[in-house]
Amino acid sequence: MGKTGNYIKYALGEIVLVVIGILIALQINNWNNYRNERKKEFNYLKEIKTNLKSDSLKLRQVINFNEMKQAVYDTIIRSYDLNNPPKNLNIYVRQLIPIIAEFDMYSINSIAFKNMNSADNISIISNLELRQQLTSYYSTDPESVQEKIKLKTRELTAYLSPKIITNEGIKQFYGFENALPSISANDFRKDEIIFGFIGEAKAMMTNQTIDCNNRLEKIEKLKDLLDSEIGKLE
């Protein structure tokens with residue numbers, strides 16, 4: 001009986017050691033998995049931060065362009081005020097048609113965010129607030145307002161282009177007499193279509209600028225959250 005009891009004790013001891021070994025191995029495996037997950041999270045957050053920096057630069061570029069073009073639109077609109085000193089709006093529009101015909105748009109750089117969701121899942125980001133803020137930032141689409149700006153700008157340019165091809169312009173650039181109408185033949189100050197186009201385009205650009213500033217605010221909040229999380233993971 002003594003030998004049997006010793007054998008049982010020995011067997012139980014072996015089983016306990018095996019179980020402990022398995023538990024330790026599982027713990028080590030879980031720890032390695034955790035470390036790998038955090039390493040991937042760290043890399044994703046760094047890439048997202050880089051994408052946000054490029055977004056910020058482009059948004060500021062769009063805002064600066066809009067401010068410059070808004071000034072042109074404001075000058076044109078004020079030219080319709082009969083209380084202002086007369087201004088040859090026709091010449092002014094012809095000189096600035098390259099700016100009037102131009103527009104600037106931005107797109108969200110979501111490469112890192114999409115790569116993360118494709119390869120893993122947004123749940124790999126351990127900070128709940130950061131997950132929610134990123135989802136909010138990347139879920140809004142700026143294309144609708146910007147497509148309207150592009151369309152309105154092209155419509156305005158198409159309307160203006162034949163009106164600014166004048167007798168004086170052809171003579172200046174090509175050096176010959178021609179039968180095209182003089183620059184004074186079309187008084188832009190009496191053209192309600194131009195005024196309407198300018199007013200609509202100006203309002204759309206204002207909305208685009210507001211959207212850009214709102215996105216910049218979101219980026220600054222995201223950068224603070226990202227810096228905090230990246231600091232913890234380093």
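**Figure 1. Lysine 202 and its salt-bridge partner.** In this predicted model, lysine 202 is partly exposed, with a relative accessible area of 22%. Its side chain forms a salt bridge with that of aspartate 74, at an N to O distance of 3.3 Å. The two residues belong to distant parts of the chain, with aspartate 74 in helix 1 and lysine 202 in helix 8 (residues 192-233), 128 residues apart. Aspartate 74 is likewise partly exposed, its relative accessible area being 26%.

**Figure 2. The salt bridge of lysine 58 with aspartate 104.** The N to O distance between these two side chains is 3.0 Å. Because lysine 58 lies in helix 1 (residues 2-78) and aspartate 104 in the loop between helix 3 (97-100) and helix 4 (111-119), the pair ties together parts that are 46 residues apart in sequence. Lysine 58 is partly exposed, at a relative accessible area of 25%, whereas aspartate 104, at 12% relative accessibility, is buried.

**Figure 3. The salt bridge of lysine 171 with glutamate 177.** Here the side chains meet at 3.4 Å, N to O. Lysine 171 has a relative accessibility of 37% and counts as partly exposed. Glutamate 177 reaches 61% and counts as exposed, since the cut-off for that class is over 50%.

**Figure 4. A network of salt bridges.** Lys152, Glu155 and Glu200 are the residues linked in this network. For the model as a whole, the count comes to 13 salt bridges.

Methods:
Residues numbered from 1 in each chain as written. Predicted model: local features only at pLDDT ≥ 70, side-chain atom pairs only at ≥ 80, totals over all residues. Heavy atoms only, no water. Salt bridge = Lys/Arg side-chain N within 4 Å of Asp/Glu carboxyl O. Helix = DSSP H or I, 4+ residues; strand = E, 2+ residues; numbered from the N terminus. Buried < 20%, exposed > 50% of the residue type's maximum accessible area, 1.4 Å probe, protein only.
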